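Me: I am new to reading protein models, and I would like a close look at the sheet and the parts that connect to it. Could you walk me through that region step by step?

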Amino acid sequence: MRCLALVVTLVLSASAGQADPAVLAAVNAERAAKGRSALIYDAQLEAAAVAHAQDMARAGFFSHTGSDGSNIGVRLKRVGYPFCFGAENIAAGQRSLNQVMAAWMGSTGHRKNILHRKAEAVGVAQGPGNRWVMVLGARC
(Lines give C-alpha, C1' and ligand atoms only; values in the text may rest on other atoms or scores of the structure.)
Protein backbone atom coordinates (compact mmCIF):
# COMPACT_ATOMS: atom_id res chain seq x y z
CA MET A 1 0.00 0.00 0.00
CA ARG A 2 2.51 2.54 -1.20
CA CYS A 3 0.59 5.78 -0.96
CA LEU A 4 -1.78 4.75 1.79
CA ALA A 5 0.84 5.64 4.39
CA LEU A 6 0.26 9.25 3.38
CA VAL A 7 -3.38 9.09 4.41
CA VAL A 8 -3.08 7.08 7.61
CA THR A 9 -3.66 10.09 9.82
CA LEU A 10 -6.48 11.55 7.78
CA VAL A 11 -9.96 10.86 9.04
CA LEU A 12 -12.75 9.93 6.66
CA SER A 13 -15.54 12.39 7.17
CA ALA A 14 -17.89 11.74 4.30
CA SER A 15 -20.73 14.17 4.02
CA ALA A 16 -22.96 14.16 0.99
CA GLY A 17 -21.84 16.67 -1.59
CA GLN A 18 -18.24 17.01 -0.46
CA ALA A 19 -15.39 14.81 -1.68
CA ASP A 20 -12.94 13.48 0.87
CA PRO A 21 -9.46 13.94 -0.62
CA ALA A 22 -8.11 11.03 1.45
CA VAL A 23 -10.60 8.62 -0.13
CA LEU A 24 -9.75 9.73 -3.65
CA ALA A 25 -6.01 9.61 -2.90
CA ALA A 26 -6.24 6.08 -1.50
CA VAL A 27 -8.39 4.68 -4.30
CA ASN A 28 -6.48 6.44 -7.06
CA ALA A 29 -3.09 5.38 -5.67
CA GLU A 30 -4.17 1.75 -5.99
CA ARG A 31 -5.51 2.34 -9.49
CA ALA A 32 -2.38 4.21 -10.62
CA ALA A 33 -0.17 1.37 -9.37
CA LYS A 34 -1.97 -0.90 -11.84
CA GLY A 35 -2.04 1.58 -14.73
CA ARG A 36 -5.73 2.47 -14.30
CA SER A 37 -7.15 5.95 -14.75
CA ALA A 38 -8.05 8.05 -11.73
CA LEU A 39 -11.64 8.07 -10.49
CA ILE A 40 -13.60 11.20 -9.71
CA TYR A 41 -15.85 11.72 -6.70
CA ASP A 42 -19.59 11.57 -7.31
CA ALA A 43 -22.14 12.81 -4.76
CA GLN A 44 -24.84 10.45 -6.07
CA LEU A 45 -22.57 7.42 -5.60
CA GLU A 46 -21.78 8.64 -2.10
CA ALA A 47 -25.51 9.04 -1.39
CA ALA A 48 -26.06 5.41 -2.41
CA ALA A 49 -23.15 4.35 -0.17
CA VAL A 50 -24.44 6.37 2.80
CA ALA A 51 -27.96 4.98 2.43
CA HIS A 52 -26.74 1.37 2.35
CA ALA A 53 -24.33 1.86 5.28
CA GLN A 54 -27.13 3.38 7.35
CA ASP A 55 -29.57 0.65 6.34
CA MET A 56 -27.13 -2.07 7.42
CA ALA A 57 -26.47 -0.33 10.75
CA ARG A 58 -30.13 0.39 11.47
CA ALA A 59 -31.36 -3.11 10.60
CA GLY A 60 -28.32 -4.90 12.05
CA PHE A 61 -27.14 -6.83 9.01
CA PHE A 62 -24.16 -7.02 6.66
CA SER A 63 -24.91 -7.82 3.03
CA HIS A 64 -24.94 -6.47 -0.50
CA THR A 65 -28.70 -7.04 -0.38
CA GLY A 66 -30.55 -4.22 1.38
CA SER A 67 -33.13 -4.77 4.12
CA ASP A 68 -35.81 -4.23 1.46
CA GLY A 69 -34.24 -6.70 -0.98
CA SER A 70 -32.51 -4.00 -3.03
CA ASN A 71 -29.23 -4.52 -4.87
CA ILE A 72 -26.66 -2.02 -6.10
CA GLY A 73 -28.59 -1.39 -9.33
CA VAL A 74 -31.77 -0.50 -7.46
CA ARG A 75 -29.87 1.74 -5.04
CA LEU A 76 -28.16 3.57 -7.93
CA LYS A 77 -31.55 4.17 -9.57
CA ARG A 78 -32.94 5.51 -6.28
CA VAL A 79 -30.29 8.24 -6.17
CA GLY A 80 -30.83 9.07 -9.85
CA TYR A 81 -27.47 7.83 -11.09
CA PRO A 82 -27.78 6.83 -14.80
CA PHE A 83 -25.30 3.95 -14.82
CA CYS A 84 -23.79 1.70 -17.44
CA PHE A 85 -21.50 0.24 -14.78
CA GLY A 86 -22.00 -0.12 -11.04
CA ALA A 87 -20.17 -2.04 -8.32
CA GLU A 88 -20.21 -2.07 -4.54
CA ASN A 89 -17.71 -2.97 -1.85
CA ILE A 90 -18.75 -3.40 1.78
CA ALA A 91 -16.73 -3.95 4.93
CA ALA A 92 -17.37 -3.93 8.66
CA GLY A 93 -15.25 -3.26 11.71
CA GLN A 94 -12.34 -1.36 10.20
CA ARG A 95 -11.79 1.87 12.11
CA SER A 96 -9.87 3.79 9.47
CA LEU A 97 -9.67 4.37 5.75
CA ASN A 98 -6.25 2.75 5.75
CA GLN A 99 -7.64 -0.42 7.35
CA VAL A 100 -10.63 -0.71 5.05
CA MET A 101 -8.55 -0.13 1.92
CA ALA A 102 -6.11 -2.83 3.03
CA ALA A 103 -9.02 -5.23 3.57
CA TRP A 104 -10.60 -4.44 0.21
CA MET A 105 -7.32 -4.71 -1.68
CA GLY A 106 -6.69 -8.06 0.04
CA SER A 107 -9.99 -9.43 -1.26
CA THR A 108 -10.09 -10.64 -4.85
CA GLY A 109 -13.63 -9.42 -5.58
CA HIS A 110 -13.28 -6.05 -3.86
CA ARG A 111 -9.90 -5.45 -5.48
CA LYS A 112 -11.41 -6.24 -8.89
CA ASN A 113 -14.12 -3.62 -8.31
CA ILE A 114 -11.61 -0.93 -7.26
CA LEU A 115 -9.41 -1.62 -10.28
CA HIS A 116 -12.25 -2.19 -12.78
CA ARG A 117 -11.52 -0.56 -16.14
CA LYS A 118 -15.13 0.57 -16.55
CA ALA A 119 -15.22 2.50 -13.25
CA GLU A 120 -15.12 6.27 -13.65
CA ALA A 121 -16.38 7.58 -10.30
CA VAL A 122 -16.58 6.62 -6.64
CA GLY A 123 -18.41 7.45 -3.44
CA VAL A 124 -17.52 6.03 -0.02
CA ALA A 125 -19.28 6.14 3.34
CA GLN A 126 -18.33 5.02 6.83
CA GLY A 127 -21.60 4.34 8.61
CA PRO A 128 -22.51 3.62 12.22
CA GLY A 129 -20.71 0.64 13.69
CA ASN A 130 -17.90 1.07 11.18
CA ARG A 131 -19.92 -0.31 8.31
CA TRP A 132 -18.19 0.83 5.15
CA VAL A 133 -19.66 1.04 1.66
CA MET A 134 -17.83 1.98 -1.54
CA VAL A 135 -19.90 2.48 -4.68
CA LEU A 136 -18.16 2.70 -8.04
CA GLY A 137 -19.88 3.67 -11.25
CA ALA A 138 -19.83 4.95 -14.78
CA ARG A 139 -22.57 7.05 -16.30
CA CYS A 140 -24.23 6.10 -19.58
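This is a predicted model: local features need pLDDT of at least 70, side-chain atom pairs count only at pLDDT 80 or more; totals for chains, interfaces and linings use all residues.

Four strands make up an open sheet, in the order E1-E3-E4-E2, with mixed pairing. Strand E1 (40-41) and E2 sit at the edges, and each of these pairs on one side only. E2 and E4 run antiparallel to each other and share nine bridges. As one example you can find on screen, alanine 91 has tryptophan 132 in E4 as its bridge partner.

A helix lies against this sheet. H2 packs on the sheet and touches E1, E2, strand E3 (121-127) and E4, with its direction at about 150 degrees to that of E4. Within H2 (residues 43-59), aspartate 55 and arginine 58 are three residues apart, which means that about one helical turn separates them. The two form a salt bridge, with their closest N and O atoms 2.8 Å apart.

A salt bridge joins arginine 75 and glutamate 88, whose closest N and O atoms are 2.9 Å apart. Arginine 75 belongs to helix H3 and glutamate 88 to strand E2, so this pair ties together parts that are 13 residues apart in sequence. Both arginine 75 and glutamate 88 are buried.

H3 (residues 72-78) has another link. Arginine 78 and aspartate 68 meet through their side chains in a salt bridge, at 2.5 Å from N to O. Because arginine 78 is in helix H3 and aspartate 68 is in the loop between H2 and H3, the pair ties together parts ten residues apart in sequence. Arginine 78, at 53% relative accessibility, counts as exposed, whereas aspartate 68, at 47%, counts as partly exposed. The count for the structure comes to four salt bridges.

E2 also takes part in a covalent link. One disulfide is found in the whole structure, and it joins cysteine 84 to cysteine 140, with an S to S distance of 2.0 Å. Cysteine 84 is in strand E2 (residues 83-92) and cysteine 140 is in the segment after strand E4 (131-139), so the pair links distant parts of the chain, 56 residues apart. The torsion about the S-S bond is about 135 degrees, so the disulfide is right-handed. Both of these cysteines are exposed.

Finally, let's see where the nonpolar residues gather. In soluble globular proteins, nonpolar side chains tend to be buried together. The largest nonpolar core here has 22 residues, and Leu97, Met101, Trp104, Ile114, Met134 and Leu136 touch the most other members. Helix H1 (21-33), E2, helix H4 (97-105), helix H5 (108-115), E3 and E4 each supply at least two residues of this core. H4 gives the most, with five residues. Setting aside neighbours within four places in sequence, leucine 97 is in contact with Ala22, Val23, Ala26 and Trp132. Apart from that core lies another, of 14 residues, including Leu45, Ala48, Ala53 and Val133.

Terms used: Residues are numbered from 1 along each chain as its sequence is written. Side-chain values use heavy atoms; hydrogens and water are left out. A disulfide is a pair of cysteine sulfur atoms within 2.5 Å. Buried means under 20% relative accessible area, exposed over 50%, partly exposed in between (1.4 Å probe, protein chains only). Two strands pair if DSSP finds at least two bridges between them. Contact means heavy atoms within 4.5 Å. Axes are lines fitted to C-alpha atoms, for helices over the stretch in contact, and angles run from 0 to 180 degrees between N-to-C directions. A nonpolar core is a set of buried Ala, Val, Leu, Ile, Met, Phe, Trp, Tyr and Cys residues joined through side-chain atoms within 4.5 Å.
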